[in-house]
Amino acid sequence: MDDNKLGAAGTTETGRLAGEDVEARPKRKSAVREYVEAIGVAVILALVIRALVVQAFTIPSGSMMDTLLVGDYILVNKFLYGAELPLVEWRVPGLRHPRRGDIVVFKYPQDERRDFIKRIIGTPGDRIQIKGRTVLVNGTPLTEPYTKFADPAWSRSGGETYCGYSYGCDATTVPPDSYFVMGDNRDNSQDSRYWGFVRRDKIKGKAFLIYWSWDGDRHWLRWWRLARYIP
């Protein structure tokens, strides 16, 4: 039988519609191209999340002990205060302003290429004064169960009457859009007592989670600190 002969239904015996052009099937993407595109999308999403939502940091020093230890890996919420958009001087509106007690990551005022982490002690308009180991905020002693001091007790000469800081020995008012920050490890922290205030626009975000913790001296994982919430 002739292969080109039409059947009763108007088709050739090969099943092709008579007189109809055959459409070429679209070529499938190669596996390599699919992987490259998937990786590209993942990288873009990661960059957006890092810039606007959350960023990971490592604790390199003991200034926030015992709240944060050397070798802790933390996540910082950038969305809470409003993240700064890359390459432009504009900040996404945040959910709230930084508060006293928040542990924040910020650009070090004396070298903005470096990031510091401290606890907010004074907010705009607060009057801060330091008397020995006591911090007064607007004349009221601040309750600080998280602080750590050198052991044995009070190592500096003069004890409770000593004050050798550049800021805070006398009652100091925190300027508008600025914050007074201190490390929890008070005798081992370079903070607002020495170099002054942190501007609001230099704060990157609030620390909220320890997701990994490695003891570099003992070379072991501090598993009990994993997934620990930072209030």
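Predicted model: local features only at pLDDT ≥ 70, side-chain atom pairs only at ≥ 80, totals over all residues.
Residues are numbered from 1 along each chain as its sequence is written, and side-chain values use heavy atoms, with hydrogens and water left out.

View A. Rolling a probe the size of a water molecule over the atoms shows where empty space is left. Here a cavity is a set of points, on a 1 Å grid over the protein atoms alone, where a 1.4 Å probe fits but cannot get out. Grid points are joined across faces, edges and corners, and the volume is the space filled by probe spheres set on the points. Searching the whole structure turns up one cavity of 30 Å³ or more. The largest cavity is lined by 11 residues, and the closest to its centre are Ile130, Gly132, Arg133, Phe149 and Arg193; a lining residue has an atom within 4 Å of a point. Sorted by class, that lining has six nonpolar, two polar and three charged residues. For the sorting, Ala, Val, Leu, Ile, Met, Phe, Trp, Tyr, Cys and Pro count as nonpolar, Asp, Glu, Lys and Arg as charged, and the others, Gly among them, as polar.

**View B. Strand β3 and the two strands it joins, β4 and β11.** Strands (E, at least two residues) and helices (H or I, at least four) are DSSP runs numbered from the N terminus, and two strands pair if DSSP finds at least two bridges between them. Strand β3 covers residues 103-107, and four of its five residues are buried. Buried means under 20% relative accessible area, exposed over 50%, and partly exposed in between (1.4 Å probe, protein chains only). Five bridges tie β3 to β4 (residues 115-122) in antiparallel fashion, with Val104 opposite Lys118. Three bridges tie β3 to β11 (residues 203-215), again antiparallel, and there Phe106 stands opposite Ile203.

**View C. An open sheet of four strands, in the order β7-β6-β5-β8.** The pairing is antiparallel. At the edges sit β7 (140-141) and β8 (172-173), each pairing on one side only. Zoom in on β6 (residues 134-137) and you'll find two bridges joining it to β7, with Leu136 partnered by Pro141.

**View D. The salt bridge between Arg119 and Asp184.** A salt bridge here is a side-chain nitrogen of Lys or Arg within 4 Å of a carboxyl oxygen of Asp or Glu, and by that rule the model has 13 of them. In this one, N and O are 2.8 Å apart. It links distant parts of the chain: Arg119 is in strand β4, while Asp184 is in the loop between β9 (178-182) and α2 (192-195), 65 residues apart. Arg119 counts as buried because its relative accessibility is 7%, and Asp184 does too, because its value is 0%.

**View E. Two further salt bridges, Asp201 with Arg199 and Arg222 with Asp215.** The closest N and O atoms of Asp201 and Arg199 are 2.7 Å apart. Asp201 counts as partly exposed because its relative accessibility is 35%; Arg199 is partly exposed as well, because its value is 45%. For Arg222 and Asp215, the closest N and O atoms are 3.8 Å apart, and both residues are buried. Those two also belong to a network of salt bridges that links Asp72, Asp215, Arg218, Arg222 and Arg225.

View F. Most residues other than glycine have a negative phi, and most peptide bonds are trans. With a relative accessible area of 45%, Asn138 is partly exposed. At 58% relative accessible area, His219 is exposed.

Technical notes: 1 Å grid on protein atoms, 1.4 Å probe; cavity = no way out; pocket = protein on both sides within 12 Å on 5 of 7 lines; lining within 4 Å.
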